[in-house]
Amino acid sequence: MMRLPSIMCISMLLLVQCSHLLRAELQGPLSESASTTAISEPEAVTSTEPHSQSKTEADEITTAEKDAKAPPVDLSSSATAPGSNDRKAAKLKDKDKEFAPRTKVMPAALFERLWNDSLMKQQKLKAQIEKIEASQTPAEVVELTPEQMEAQSLYENAMEMLAKPRTDKRVAFTLLRKAAAFNHLKARAELAWAVLLGHWMAFDFHHAADEFESLANEGVAEAHMGLGFLYSAGVGGKNVSQPLALLHYTLAALGDNTLAQMAMGYRYLYGINVPTSCEKALIQYKRVAKKVASKITFANGPVVHRVRLLDELENPGSHETEIVDYYQLLADKGDVQSQVGLGQLYYQGGKAIQQDHQKALEYFTLAANAGNAIGFAFLGKLYLEGSEQIKADNETAFKYFSKASEMGDPVGQSGLGLMYLKGLGVPKDSIKALSYFTQAADQGWVDGQLQLGTMYFTGNGVKTDYKLALKYFNLATQSGHVLAYYNLGIMHAYGMGMLRSCPAAVEFFKNVAERGRWSSRLMHAYSDYKQNRIDEAYMQYSLMAEVGYEVAQSNAAFLLDREEVHVFNDRHEELIRAFYYWKRAAGQGYSAAQVKLGDYYYYGWGTKTDFETAAALYRKASDQQYNAQAMFNLGYMHEQGLGMKKDWHLAKRLYDLAAETNSDAKVPVAIALFKLQMLAKIESIKQSPYRFIFYMDENIAANWDLYMITILTLLLGIIMYTRRPFQQPEQPAQPPQPPANDIAAVAVNATPAAPPASAGASVTPAASTAATAAAEVASTSTTALTATASSGDSSSPTTASSSAGTSSSSNTLDPTD
């Protein structure tokens with residue numbers, strides 16, 4: 001920074017000399033007096049004392065020239081009175097001769113004078129700054145006591161353990177307590193945050209508030225952030241006060257607290273309790289995005305899974321743990337693709353799997369041994385970056401990248417390009433790097449696209465081309481690369497290769513800022529929710545909602561809406577807080593939040609009932625996001641004429657659209673359409689000569705829907721009764737069998753008169769009774785014949801009895817049937 005004025009001075013002197021040369025070429029040689037004047041003026045301006053020394057030097061140069069040309073004069077008079085009348089007369093004489101060339105020189109001389117004036121002002125400003133810095137006393141270096149050094153060491157070890165995913169957090173908080181016992185301010189602040197959020201410690205809102213108050217008086221930025229959150233959320237004995245929250249957020253942001261900077265950027269972006277200012281939001285988000293971009297490695301930063309609890313409730317997905325177990329089984333059996341997939345999951349981490357580079361190394365090694373190019377490429381990435389379990393080794397990384405590149409894998413090509421670009425284990429060679437990045441980008445690999453865009457953006461090895469840089473950065477953002485978002489934010493913020501756009505730059509920087517390591521709080525809150533630790537999950541979500549995460553805002557509102565939070569004891573306060581969280585999430589474009597906010601306006605939950613605002617929110621969600629629930633609600637409001645004109649045709653159209661958009665809406669849409677048709681029929685009857693029916697009884701007209709439901713219920717009961725299954729009538733009991741001799745008589749006397757039984761015929765009760773009566777008559781009149789038959793043929797009764805017994809079931813025993 002201190003070299004800038006000197007560089008500018010040198011450049012201005014060169015510019016002045018070039019202007020003199022150009023002027024000489026265009027206008028020809030100047031007269032001696034004119035050239036002397038043109039050269040002397042800049043020298044006078046650039047001196048540090050223009051009113052004394054510069055004027056004297058100019059007079060001396062002019063006097064020397066006059067003495068060389070003019071006749072000798074009295075030296076004493078010229079020396080003692082440099083501004084005498086004789087000299088003025090001589091100047092007036094030569095005025096007409098010098099006027100013509102001077103008019104040609106005036107524009108260039110004026111330009112030079114203005115630039116020299118600016119240089120002189122910069123030199124004065126520099127001198128003033130140096131004077132102020134010299135007057136300031138140097139800051140005294142305070143030596144830490146042994147206790148303070150021990151406390152600082154404990155604090156650093158604890159924070160390092162908290163940052164790592166696979167460490168015992170209880171040990172870290174034990175170290176923080178020891179550091180706080182030595183009055184380490186930041187350790188005390190971390191413990192206060194822990195009891196406020198229920199993070200590995202029990203809730204104690206009032207203790208957190210007292211600690212933040214005490215530490216804020218010491219100027220701790222984390223304490224100001226804590227007080228701002230308490231005043232905004234209304235916990236810890238603090239009443240909700242957005243002005244006080246804004247004050248503490250501002251102080252924390254000035255103290256370089258990252259979360260406070262994000263909170264201020266979010267408030268300036270959406271005008272929450274402050275005037276909307278895109279430029280101020282840009283300043284805050286750019287600071288945070290720069291911190292995030294400086295920590296990004298070859299792995300594209302941490303993967304953040306943003307789970308919306310409302311979407312998960314309405315559309316429950318498959319259990320990821322079971323899917324991982326399934327792939328684990330296939331990988332153990334030797335399936336290469338499953339090994340690669342599991343390796344990538346362990347490499348980046350996910351909802352069901354924690355990041356574990358050691359297991360990723362194992363699965364990638366199995367895939368590489370099977371000759372898989374992706375396995376070789378990711379092994380190169382693991383050894384290039386290094387981790388807690390794997391030591392970085394550029395030579396090994398180059399070996400694996402080379403094998404993958406020979407097989408045409410874009411990951412390996414991009415890795416080789418990065419090593420040649422930065423000289424990691426190999427000599428720097430931007431030409432080879434450009435070649436490898438181009439090959440990877442042509443195959444659609446995100447790292448190749450990003451690095452190729454960076455080379456065109458910085459002009460490293462190629463000619464600077466902002467249009468090509470913009471192209472490759474846009475391609476990289478489609479895969480979600482953090483650095484691509486950051487670079488696009490820089491280009492939009494400064495108008496490099498495009499028109500400057502503050503809203504676009506803020507959007508990119510906000511996206512980058514929300515990818516920082518603090519976003520892991522979202523996963524921690526989701527884990528608490530799954531373990532039924534609802535209050536802890538709500539406090540985490542409410543903190544991230546203050547920072548500006550839309551997912552946290554909708555999840556905090558969801559928990560309050562379902563009455564699962566026990567932090568507050570007043571249901572009305574919970575609805576008010578849920579209303580504001582839904583409002584902020586809806587402002588960031590979440591369609592389900594827009595529908596829920598419309599419901600709050602419709603029913604008057606946490607706010608006043610406003611049908612027009614509810615309808616506007618439903619319409620916005622249906623038009624922009626094609627939300628089926630919003631379409632259905634909007635159709636109902638058109639049907640009833642709530643907040644808008646009653647229009648049954650438009651209501652039917654919206655109902656149909658809801659059914660087409662979401663298959664789950666078909667059943668309620670069918671019921672709504674049936675109701676709409678009934679209303680249309682009733683309305684047509686009212687226009688017919690039978691309209692007197694609706695004026696018979698005011699009670700019926702006022703409660704027509706109740707009567708309609710009753711009638712429909714009765715119709716449904718009648719239909720169910722008539723469609724019950726048919727039961728066959730039970731067969732009557734067989735009459736008692738007569739004695740054997742009577743049966744024989746019946747067989748002898750009645751059989752010739754009986755018609756032959758057809759297949760499938762059944763014996764009715766009347767026919768059975770007639771046959772019995774005939775048998776009785778025959779038995780009384782032909783006793784002798786019966787006796788003779790019974791004594792003469794012993795097999796006849798048996799045959800007759802068998803025939804009589806099987807006559808009623810001939811349809812089942814007849815083999816010809």
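**Salt bridges in the predicted model**

A network of salt bridges links Arg267, Glu546 and Arg584. The structure is a predicted model, and 20 salt bridges are found in it. Three further pairs are described below.

Glu213 and Lys238 form a salt bridge in which the closest N and O atoms are 2.8 Å apart. Glu213 belongs to helix α10 (residues 205-217), whereas Lys238 sits in the loop between α11 (221-233) and α12 (242-254), so the contact ties together parts that are 25 residues apart in sequence. The relative accessible area of Lys238 is 16%, and this residue is therefore buried, the limit being under 20%. Glu213, with a relative accessible area of 30%, is partly exposed.

A salt bridge also joins the side chains of Arg500 and Glu279, with an N to O distance of 3.1 Å. This pair links distant parts of the chain, 221 residues apart: Arg500 is located in the loop between α25 (482-494) and α26 (502-513), and Glu279 in helix α14 (residues 278-295). Arg500 is partly exposed at 44% relative accessibility; Glu279 is likewise partly exposed, with a relative accessible area of 39%.

In the salt bridge between Glu514 and Arg306, the closest N and O atoms are 3.3 Å apart. Glu514 has 6% relative accessibility and counts as buried, while Arg306, at 33%, counts as partly exposed.

Conventions. Residues are numbered from 1 along each chain as its sequence is written. This is a predicted model: local features need pLDDT of at least 70, side-chain atom pairs count only at pLDDT 80 or more; totals for chains, interfaces and linings use all residues. Side-chain values use heavy atoms; hydrogens and water are left out. A salt bridge is a side-chain nitrogen of Lys or Arg within 4 Å of a carboxyl oxygen of Asp or Glu. Helices (H or I, at least four residues) and strands (E, at least two) are DSSP runs, numbered from the N terminus. Buried means under 20% relative accessible area, exposed over 50%, partly exposed in between (1.4 Å probe, protein chains only).
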